[in-house]
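Student: Please take me through this structure step by step, and tell me how each feature is read before we look at the case itself.

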Amino acid sequence: MDTLKVPLAAEHTTLDDVSVWEWSGSAYDEGAEAAEWLSAYFGKPSRLVRFKEESEIRPTNPKYAQGYKITFTDCFPFLIASQGSLDAQNDLLKEHVPINRFRPNILVDGCHPYAEDLWKTIKINKLTFDGVKLCDRYKVKFPDLVLRLSMLATILS
């Protein structure tokens, strides 16, 4: 398949009744070309949408991070994992799994396995992240394309 390019500065129409996880609302439609590309890949009608921050609100779980907003991500906007944790996990498995199985936005190296589970504050250059909740792990295989689409949706939102 040809590469799909989605211009971020393009005019958008709005789709209502978009639902992701437990949220539903309106979102920007990324157009017919993206819809045709995704529909061809998945073999069923599909649309690429971007979160409409101007009119939609999706708060994080106030139990963990009160006063913050997310877009189409599962629970929080960032997931940090370490290479050490992946290596330790793979030492226990017959068949190694790649890091994309866990879908982190940020991968760190040079720390002890599972050290990131204890971090309360993470600083990367001028950015500061608060560690608010451990991520639940699950057994799902994501083909590379689906992973890239998930990352693209997060970046676009």
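Student: Which residues are buried in helix α3 (residues 83-91)?

Tutor: Buried means under 20% relative accessible area, exposed means over 50%, and partly exposed lies in between (1.4 Å probe, protein chains only). Helices (H or I, at least four residues) and strands (E, at least two) are DSSP runs, numbered from the N terminus. In α3, the residues that count as buried are G84, S85, L86, A88 and N90, and strand β4 is among the parts that cover them. Please keep in mind that this is a predicted model, in which local features need pLDDT of at least 70 and side-chain atom pairs count only at pLDDT 80 or more, while totals for chains, interfaces and linings use all residues. Residues are numbered from 1 along each chain as its sequence is written, and side-chain values use heavy atoms, with hydrogens and water left out.

Student: What does E116 touch, not counting residues up to four places away in sequence?

Tutor: Contact here means heavy atoms within 4.5 Å. With those sequence neighbours set aside, E116 touches I80, A81, S82, S85 and C111; of these, S85 is one of the buried residues of α3. E116 itself lies in the loop between β5 (106-108) and β6 (121-124), and its relative accessibility of 11% is why it counts as buried.

Student: Which residues make up the largest nonpolar core?

Tutor: In soluble globular proteins, nonpolar side chains tend to be buried together. A nonpolar core is a set of buried Ala, Val, Leu, Ile, Met, Phe, Trp, Tyr and Cys residues joined through side-chain atoms within 4.5 Å. The largest one has seven residues, namely V18, V20, W23, A27, V49, F51 and F72, and the elements that give two or more residues to it are β1, β2 and β3. Leaving aside neighbours within four places in sequence, V20 is in contact with F72 and also with R58. There is a second, separate core of six residues, and L4, V6, A34 and L48 are among its members.

Student: In which sense do strand β1 (residues 13-20) and β2 pair, and over how many bridges?

Tutor: Two strands pair if DSSP finds at least two bridges between them. Strands β1 and β2 pair over six bridges in the antiparallel sense, and one detail to look up is T13, whose bridge partner in β2 is D29. The hairpin of these two strands has two residues between them, and there W21 takes a positive phi near 55 degrees. Within β1, D17 also has a positive phi, near 60 degrees, although it is a residue other than glycine; with a relative accessible area of 74%, D17 is exposed.

Student: How many aromatic pairs does the structure hold?

Tutor: A pair of aromatic rings is described by the distance of the centres and the angle of the planes. Rings of Phe, Tyr and Trp (its six-membered ring) pair if their centres lie within 6.5 Å, and planes under 30 degrees apart count as stacked, over 60 as edge-to-face and the rest as tilted. The structure holds three such pairs. In one of them, W23 and F51 have ring centres 5.4 Å apart and planes at 45 degrees, so this pair is tilted. W23 is in strand β2 (residues 23-29) and F51 in strand β3 (residues 49-51), 28 residues apart, so that the pair links distant parts of the chain, and both residues are buried.

Student: What are the distance of the centres and the angle of the planes for the rings of F78 and F129?

Tutor: Their centres are 5.0 Å apart and their planes are at 75 degrees, so the pair is edge-to-face. F78 is partly exposed, with a relative accessible area of 45%, whereas F129, at 12%, counts as buried.

Student: How many salt bridges does a search of the whole structure find?

Tutor: Side chains of opposite charge can pair when their charged atoms come close. A salt bridge is a side-chain nitrogen of Lys or Arg within 4 Å of a carboxyl oxygen of Asp or Glu, and the search finds two. R47 forms one with D29, their closest N and O atoms being 2.7 Å apart. R47 lies in the loop between α1 (32-42) and β3, while D29 is in strand β2, so the pair ties together parts 18 residues apart in sequence. The side chains of E30 and R50 also meet in a salt bridge, at 2.9 Å from N to O, and both of these residues are buried.
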